[in-house]
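This report goes through selected strands, a helix and the contacts between parts of a structure. Look at the sequence and the 3D view before reading on.

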Amino acid sequence: MYSFEPSEEQQMLVDVVTRYATNDLRPVARDADEGEDFSEAVIEKGWELGVLQASIPEAYGGFGERSAVTGVLALEEMAWGDVAGTMAVMAPALFALPILLAGSEDQKKTYLLPVIEAEWQPYTAALIEYFYDFDPNDLRTVASEDGDFYVINGEKVNVPFAKDAKAMIVYAKLDGKTQGFIIPDGTEGVQVGERHKLLGIHALPNYPVKFEKVRVPKKNRLGEAAGHDFTHILDALRVAVAAMAVGLSKAAFEYSRDYAKEREVFGVKVAQKQAIAFMLAEMATEIEGIRLLAWEAAWMLDKGKEEASKTAYLALNGAMDMAMMVSDRAVQILGGHGYIREHPVEKWMRDGRGFANFTGLAIV
Amino acid sequence: MIDFEIPKPIAQISTLVQTVAENMMRPVARHFDEYEHEIPWDYIEFMHNATRAMGTSSSMAPEEKKEEGGEKRPPIAFQRLVTMVEILSWGDAGIYLCTPGGMLGAAAVAAAGTPEQKQRFLNRFKGEKPVFDAMAMTEAGAGSDTSAIRATAVLDKATNEWVLNGEKIFVTAGHKALIDTDGFIVVWASIDPSAGREGMRSFVVEAGSPGCTVEKMEHKLGIRASDTVTIVLRDCRIPFGNILGSPEVERRDTKGFKGAMTTFNTTRPIVAAQAIGIARATLEFTKEKLAEAGVTIRYGVPRQKLTAVEKDIIDMETMLRASWLLILEAVWMADNRKGKPMVASASKLKAGDVVNKITQKAVEILGPLGYSREFLLEKWFRDAKIVDIYEGTGQINRLIVAREILGYSGSMLR
């Protein structure tokens, strides 16, 4: 039975996240971008909303169950506040959710509790590689068997909080397939490079990481000997990025709409010109369509539908174009003012271009 | 709880409708395109009898069946309707428009009529013979700007009849409603030309009304199976009770006009659903032809690695799905009595864009095959264009969405 209404519980979470995005993230987003950092207090406050904790069952320290739909709703709202902030707050999910989704019982028991039952700590994952045709299903980083170990070789980039990470998951190609491996802090052969600077999401500290003959015990492979199907993880990564794109686009749309209603031109408000009004109408339409597509993809993930992977892919495909279109137009509607860093739209445009490259930086 | 599961009753009827689309529409689609103005009676009779036999309604003014005892089920009538419209338009958009039963005219009656009027005008669709209706709104000088309508209705107090004068163009299925079957049209006319929109009313003009003639059948780019006619009203007399809404003009009160406009909350997503049917047909055909040529679409691969054709197909699927979900959301709202002009118009403008992008790109991708009349693709390209025009052009719907999101009245954003 079709329904487009979040449950009461979901709505409560959404409301809490909205308050955080409005009162905590948005006010500091510009300074965080310029200063390339968020305060620990802001991140900790976001962590305490319990978005991740609510997706982890009680047995592993959480208080709910994983729902991609709930995750999408929460990320959409949080990213409205700030995308880099969302990625920072939710970074531990990059470590915890793949373990929940693909880990063995032992792995869940060992690794989830210390993440979930504590204050925010730097846990992360390394997926992205520094090639124009980076493909999560065809990684250059490789894992090979050596007795009771896997040996991992390769280079990753855009690994959030890698420098201080307590542990991370690294994805590598094993027998032609992408597999995740748990890498604890201090593992030999893991070299974290200088902080990597990007076009957008300046406030998210991210690093290149080199893996040189890194020996990982076989029990550290997600799912242990049996391994796992990376598809589920990739789908959840893609849907998360799509949801954040919706949130950012909503922010850019609302800001440029409100500006257009204030700004006078030729004796009327600029929003009263069809050239501007039609741009806004198309932005609103596109956001709503892609939003529903992201919701549907998430719903399919939760239900284990056959079409889930394809829909997640389509949702991200549409979301990256939507975010670019909407954020570009937001700058255009503000004209010269849009180009000035006093307004947030130039930042949303820089962040907005990133959704084509963010797969691996958030998960639901 | 957010849910995208297709409701069981809709899934069931979809299977039936798909059979009709495959067997009764596709095989004759080319014929009724080549022989414009021929009427697909086989399809019409079949649909009429099937509808009667199943006791279901293909009407645009669906009636919710009241459950006796038991739990009250969530209303899904418009959700069911858009699903059927989508599939029938997948079969053939022109022949779909020849589906007998209550369409736009009935929707207007359902939205603005009294219970008595509904009884009088809508029962004819349940009779032995197929019956059509039509909406007569557009005039030579009044297209999207319906407030510029010049047709008039004057009450003759001696006979208690409305006397209608004016000329209506682009009336979809007007010939079938007035000449080929015993149907009716809903005519928009002013009862007080000095009052502007406040004076605008809709009237039911039944087949056989004196002074009402069908004068011209248009030759069109697409949807050729469907007749599009000019209707002339010369001192056309209809009973007093055929007015929809109040016969009084209340100054500074556009309730009558706005009331009629709320029908757009449902008719626009329904028309949008036609676009999705044409677009889905196009996409399926294009993928089939590509597969025959050994091209498979690699979903899940980053864009940088895709061929141009793969990227086109993936973009088409993305926009098609997003567009359909907007329609579902719009009718879900309408079913739950919280229809919004913003979502209804957004679904329509998006679908109009999407079907034209998809059909135009598909003809390009398939090269000489796409351009050939051996296949239906070139026809779908022609059929598609109407969806961006009727029931509010893409531009009118942008205007409506813009007004909604800006909180502007018509005078603030012209």
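## Strands β4 and β5 of chain A

In β5(A), I183(A) is the bridge partner of M168(A). This pair belongs to a predicted model. Strand β4 of chain A covers residues 167-174, and strand β5 of chain A covers residues 177-184. The two run antiparallel and are joined by 8 bridges. They form a hairpin with 2 residues between the strands. In the turn, D175(A) has a positive phi of about 50°.

Is β4(A) mostly covered or mostly open? Strand β4(A) is mostly covered, since 6 of its 8 residues are buried. β4(A) is also joined to strand β1 of chain A, residues 123-126. Here 4 bridges connect the strands, and they run parallel. One pair to look for is A125(A), whose bridge partner in β4(A) is I169(A).

In general, the side chains of a regular strand alternate between the two faces of the sheet.

Strand β2 of chain A (residues 142-146) pairs with strand β3 of chain A (residues 149-160) in the antiparallel sense, over 5 bridges. S144(A) has V151(A) as its bridge partner in β3(A). The hairpin of β2(A) and β3(A) has 2 residues between the strands, and G147(A) takes a positive phi near 60° there.

β3(A) also pairs with strand β7 of chain A, residues 206-217. This pairing is antiparallel and has 9 bridges. P217(A) in β7(A) is the bridge partner of F149(A).

## Helix α10 of chain B

Helix α10 of chain B runs over residues 308-335.

Just after α10(B), R337(B) takes a positive phi of about 55°. As a general point, an α-helix has 3.6 residues a turn, so residues three or four places apart point the same way.

## Where chain B touches chain A

How many residues of chain B are in contact with chain A? There are 36 residues of chain B in contact with 38 residues of chain A. On the chain B side, the elements that give two or more residues are α10, α11 (341-365) and α14 (394-406). α10(B) gives the most, with 12 residues. By class, this side of chain B has 22 nonpolar, 5 polar and 9 charged residues.

## Domains of chain B

Chain B is divided into domain 1 (8-64 + 74-116), domain 2 (130-250) and domain 3 (260-406). The centres of domain 1 and domain 3 of chain B, taken over C-alpha atoms, are separated by 20 Å. Their contact takes 25 residues from domain 1 of chain B and 24 residues from domain 3 of chain B.

On the side of domain 1 of chain B that touches domain 3 of chain B, the elements giving two or more residues are α1 (8-34), α3 (77-91), α4 (93-96) and α5 (104-112) of chain B. The largest share, 11 residues, comes from α3(B). This side of domain 1 of chain B has 19 nonpolar, 3 polar and 3 charged residues.

Notes:
Residues are numbered from 1 along each chain as its sequence is written. Chains are lettered from A and ligands numbered from 1 in the order in which they are written. This is a predicted model: local features need pLDDT of at least 70, side-chain atom pairs count only at pLDDT 80 or more; totals for chains, interfaces and linings use all residues. The expected span of a helix is 1.5 Å times one less than its number of residues. Two residues are in contact if their C-beta atoms, placed from the backbone, lie within 7 Å. Ala, Val, Leu, Ile, Met, Phe, Trp, Tyr, Cys and Pro count as nonpolar, Asp, Glu, Lys and Arg as charged, and the others, Gly among them, as polar. Domain bounds come from an automatic or database domain assignment. Two strands pair if DSSP finds at least two bridges between them. A residue is buried if 20 or more other C-beta atoms lie within 10 Å of its own, exposed if 12 or fewer, and partly exposed in between; C-beta atoms are placed from the backbone.
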